[in-house]
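Colleague: I have the sequence and the model open. Can you walk me through them?
Modeller: Go ahead, ask as we look.

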Amino acid sequence: MLVIAAAVPFLVHAAEEEFDPDTVTPGVWGFVLTFLVMVVVVLLVLDMVRRIRRVNYRAEVRAQLEAERLEHEVFGDSEAPDAPGSTSGPDAAASDDDEDLPPGR
């Protein structure tokens with residue numbers, strides 16, 4: 001009860017003062033700190049978007065590799081694409097003919 005009685009004169013005195021909007025502005029430092037917080041938030045959002053995009057790309061690649069693996073398991077190796085060094089297909093006949101020729105021709 002004593003605390004309330006002691007605070008009442010300060011509240012009455014504060015209410016009697018006129019409100020001056022010039023004294024309650026954040027000032028230059030308030031604007032600088034707000035701008036810095038805004039810059040940090042924008043950088044964090046850009047970093048988050050970059051990381052989410054990277055995770056999504058990795059998930060797409062994993063799904064594609066898993067689909068290819070399942071395709072190879074289901075259809076076997078006969079349906080698999082040719083290896084880079086293999087000689088099957090239309091170019092195989094031409095490379096076999098080259099082997100019969102002596103070098104230098």
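Colleague: What follows H2?
Modeller: Gly76 comes after H2, and its phi is positive, near 80°. Residues are numbered from 1 along each chain as its sequence is written. This is a predicted model, where local features need pLDDT of at least 70, side-chain atom pairs count only at pLDDT 80 or more, and totals for chains, interfaces and linings use all residues, while side-chain values use heavy atoms, with hydrogens and water left out.

Colleague: How many helices and strands does the chain have?
Modeller: There are 3 helices and 0 strands, and along the sequence the pattern reads α-α-α. Helices (H or I, at least four residues) and strands (E, at least two) are DSSP runs, numbered from the N terminus.

Colleague: Where is confidence lowest, and where highest?
Modeller: Helix H3 (residues 90-100) is lowest, at a mean of 53, and H2 is highest, at 95. The chain averages a pLDDT of 76, and 56% of the residues score at least 70. pLDDT is the predictor's confidence in each residue, from 0 to 100.

Colleague: Back to H2. What span should H2 have, and how far apart are its end C-alpha atoms?
Modeller: H2 has 49 residues, so at 1.5 Å a residue it should span 72 Å, and its end C-alpha atoms are 72 Å apart, which agrees. The expected span is 1.5 Å times one less than the number of residues.

Colleague: Which salt bridges does Asp47 form?
Modeller: Asp47 meets Arg50 at 2.5 Å, N to O, and forms another salt bridge with Arg51, where the closest N and O atoms are 2.8 Å apart. The rule is a side-chain nitrogen of Lys or Arg within 4 Å of a carboxyl oxygen of Asp or Glu.

Colleague: What does Glu73 pair with?
Modeller: Glu73 forms a salt bridge with Arg69, with the closest N and O atoms 2.4 Å apart. Both lie in helix H2, 4 residues apart. Glu73 is exposed at 53%, whereas Arg69 is partly exposed at 38%. The count for the model comes to 4 salt bridges.

Colleague: Changing topic, what makes up the nonpolar surface patch?
Modeller: The patch is about 1,100 Å², and its residues include Trp29, Phe35, Met38, Val42 and Leu46. Patches use residues with over 30% relative accessible area and no salt bridge, with like charges joined within 9 Å and nonpolar side chains (Val, Leu, Ile, Met, Phe, Trp, Tyr) within 5 Å. Val42 lies in helix H2 (residues 27-75) and is partly exposed at 44%.

Colleague: And how much of the chain is buried?
Modeller: Buried residues make up 2% of the 105 residues. The accessible surface of the chain is about 10,000 Å², with 66% of that belonging to carbon and sulfur atoms. Areas come from the Shrake-Rupley method with a 1.4 Å probe, and for residues only the protein chains shown count as cover.

How values were computed. Buried means under 20% relative accessible area, exposed over 50%, partly exposed in between (1.4 Å probe, protein chains only).
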